[in-house]
Amino acid sequence: MNVLDQYVGCSDCMHECCVRDALDACFASWPNHSWVAFHCLNCDGVNRLEVRNGAIAEGYLDGAPAPCFIIKRRVRLDDFHIKAANNGISVRTLNLRWFIPQLSGGK
Ligand SMILES: [Zn+2]
């Protein structure tokens, strides 16, 4: 199971894309929570994912002022490595690599 044959869905329009395409569309990360956000390729809606070593989870943020991540579905990924830094999250899997910057000034 890897980023090419596993899918995540958009919570707005239900469009599904493979995990690789979702990671390509990521524009923000929250390194201290291991969250990333991507724009749906179909409707441009914002979706959040939790990234961990060996897994990614679909979900959404709930609660204020300290939102927590409600997991809808967890997808196991082989050889999937996450490294959080103060300025973003790097993801490494297969021969692919992403760096998703922390959203500056936002939450
Ligand atoms: Zn969508």
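Tutor: Ground rules before you start. This is a predicted model, where local features need pLDDT of at least 70, side-chain atom pairs count only at pLDDT 80 or more, and totals for chains, interfaces and linings use all residues. Residues are numbered from 1 along each chain as its sequence is written, and side-chain values use heavy atoms, with hydrogens and water left out.

Student: Which geometry does the site of the zinc ion have?

Tutor: Start with the donors (N, O and S atoms within 2.8 Å of the metal, or 3.2 Å for Na, K and Ca). For the zinc ion they are the SG atoms of C10, C13, C40 and C43, lying 2.3 Å from it. Four donors count as tetrahedral if all angles lie between 85 and 135 degrees. Here the angles among the four donor atoms run from 106 to 113°, so the site is tetrahedral.

Student: How many residues apart in sequence are the parts that C10 and C40 tie together?

Tutor: The donor spacing reads C-x2-C-x26-C-x2-C. C10 sits in the loop between β1 (7-9) and β2 (16-18), while C40 sits in the loop between β4 (35-39) and β5. Strands here are DSSP runs of E, at least two residues long, numbered from the N terminus. The pair therefore ties together parts whose separation in sequence is 30 residues.

Student: Is E58 buried or exposed?

Tutor: The cut-offs are under 20% relative accessible area for buried, over 50% for exposed, and partly exposed in between (1.4 Å probe, protein chains only). R73, at 35%, is partly exposed. E58 has 8% relative accessibility, so it counts as buried.

Student: What is the distance between the closest N and O atoms of R73 and E58?

Tutor: A salt bridge needs a side-chain nitrogen of Lys or Arg within 4 Å of a carboxyl oxygen of Asp or Glu. R73 and E58 form one, linking strand β7 to strand β6 (residues 55-62) across 15 residues. Their closest N and O atoms are separated by 3.1 Å.

Student: Which residues are linked in a network with E50?

Tutor: E50 and R74 meet in a salt bridge at 3.6 Å, N to O. That pair spans 24 residues, from strand β5 (residues 46-52) to strand β7 (residues 68-76). The salt-bridge network linked with E50 comprises R52 and R74.

Student: Which residue in β9 stands opposite A85?

Tutor: Strands pair if DSSP finds at least two bridges between them. Six bridges join β8 (residues 80-85) to the antiparallel β9 (residues 88-93), and a hairpin connects these strands through two residues. Opposite A85 stands G88.

Note on methods. Helix = DSSP H or I, 4+ residues; strand = E, 2+ residues; numbered from the N terminus. Tetrahedral: all angles 85-135°; square planar, octahedral: opposite > 155°, others 65-115°.
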